[in-house]
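Visitor: Hi! I'm new to this one, could you walk me through it?
Guide: Happy to. Let's have a look together.

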Amino acid sequence: MEKPEYQIREMLIGDVSAVASIESCLGRTNWNKQLFRGEFDLAPALRYWLIAALDNECVGFGGISYGAEESHILNVGVAIGHQRKGLARLILKQLLEWAAEQGASTYFLDVEIGNTPAISLYESFGFEEISVRADYYGRGRDALVMHLQR
Ligand SMILES: CC(C)(COP(=O)(O)OP(=O)(O)OC[C@H]1O[C@@H](n2cnc3c(N)ncnc32)[C@H](O)[C@@H]1OP(=O)(O)O)[C@@H](O)C(=O)NCCC(=O)NCCS
């Protein structure tokens with residue numbers, strides 16, 4: 001069988017509904033359509049969002065912010081049927097490259113404690129746990145703050 005040909009490209013405003021729908025199918029409530037759309041109101045030099053597409057259908061996404069030499073991974077998600085194919089790794093790699101081109105050398109992110117797939121992904125890029133934000137995702141749902149310097 002032929003290997004599916006995924007494309008990684010910059011997110012367009014027309015992708016917002018598909019991206020919000022993936023986020024919701026992943027059972028996540030942090031980002032909704034309005035928040036994703038709001039990203040397009042911000043200066044392009046401060047935010048970068050990518051999607052992964054297969055036959056023009058959005059199957060994954062990720063975003064990063066940049067400011068004052070510091071960068072934050074905002075979100076990463078891959079639709080369930082397309083996970084474990086290296087898409088998040090590809091997206092994250094390109095997000096970090098974009099931020100480095102803007103001048104970033106310090107990277108942060110928040111991830112829920114117990115989210116092993118995401119934590120393993122971030123650790124594979126060298127991110128390390130630096131602190132915990134209690135109840136960050138709701139009562140009893142703490143966030144790990146992870147940091148990468150490079
Ligand atoms: C986390 C997530 C984005 C990973 O996406 P993905 O495209 O499946 O990840 P990749 O295929 O690029 O995997 C890259 C690495 O991540 C880690 N990883 C991914 N899925 C994993 C799993 N189910 N269990 C353990 N490690 C996992 C592994 O280190 C993997 O490398 P390997 O395949 O060489 O072992 C995906 O599971 C997802 O969308 N989860 C729900 C949304 C979410 O929690 N986002 C994080 C926001 S902080």
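Guide: One term before we start: a residue is called buried if 20 or more other C-beta atoms lie within 10 Å of its own, and exposed if 12 or fewer do. Also, this is a predicted model.

Visitor: Okay, so which residues are buried in H3?
Guide: In H3, those are Leu87, Ala88, Ile91, Leu92, Leu95 and Ala99. They cover an arc of only 125° around the axis, so they sit on the same side of H3.

Visitor: And which are exposed on the other side of H3?
Guide: Glu97 and Glu101 are exposed there.

Visitor: What do the buried residues of H3 pack against?
Guide: Strands E1 (6-10), E2 (47-54), E3 (57-67), E4 and E5 (106-112), along with H4.

Visitor: How far apart are the end C-alpha atoms of H3?
Guide: They are 23 Å apart, which agrees with the 22 Å that its 16 residues should span at 1.5 Å a residue. Just after H3, Gly103 has a positive phi of about 120°.

Visitor: Switching topic: how many residues surround the ligand?
Guide: There are 21, and the closest are Gln83, Ala88, Arg89, Pro117 and Leu121.

Visitor: Where does the largest share of that shell come from?
Guide: From H4, with 6 residues. E4 (70-78), H3 (87-102) and H4 (116-124) each supply at least two.

Visitor: What classes of residue does the shell have?
Guide: By class, 9 are nonpolar, 8 polar and 4 charged.

Visitor: And where does the ligand lie relative to the domains?
Guide: Domain 1 (1-103) and domain 2 (105-150) both give residues to the shell around the ligand, so it lies between them.

Notes
Residues are numbered from 1 along each chain as its sequence is written. This is a predicted model: local features need pLDDT of at least 70, side-chain atom pairs count only at pLDDT 80 or more; totals for chains, interfaces and linings use all residues. A residue is near a molecule or strand if its C-beta atom, placed from the backbone, lies within 6 Å of it. Helices (H or I, at least four residues) and strands (E, at least two) are DSSP runs, numbered from the N terminus. Ala, Val, Leu, Ile, Met, Phe, Trp, Tyr, Cys and Pro count as nonpolar, Asp, Glu, Lys and Arg as charged, and the others, Gly among them, as polar. Domain bounds come from an automatic or database domain assignment. The expected span of a helix is 1.5 Å times one less than its number of residues. The arc is that of the directions from the helix axis to the C-beta atoms. Two residues are in contact if their C-beta atoms, placed from the backbone, lie within 7 Å.
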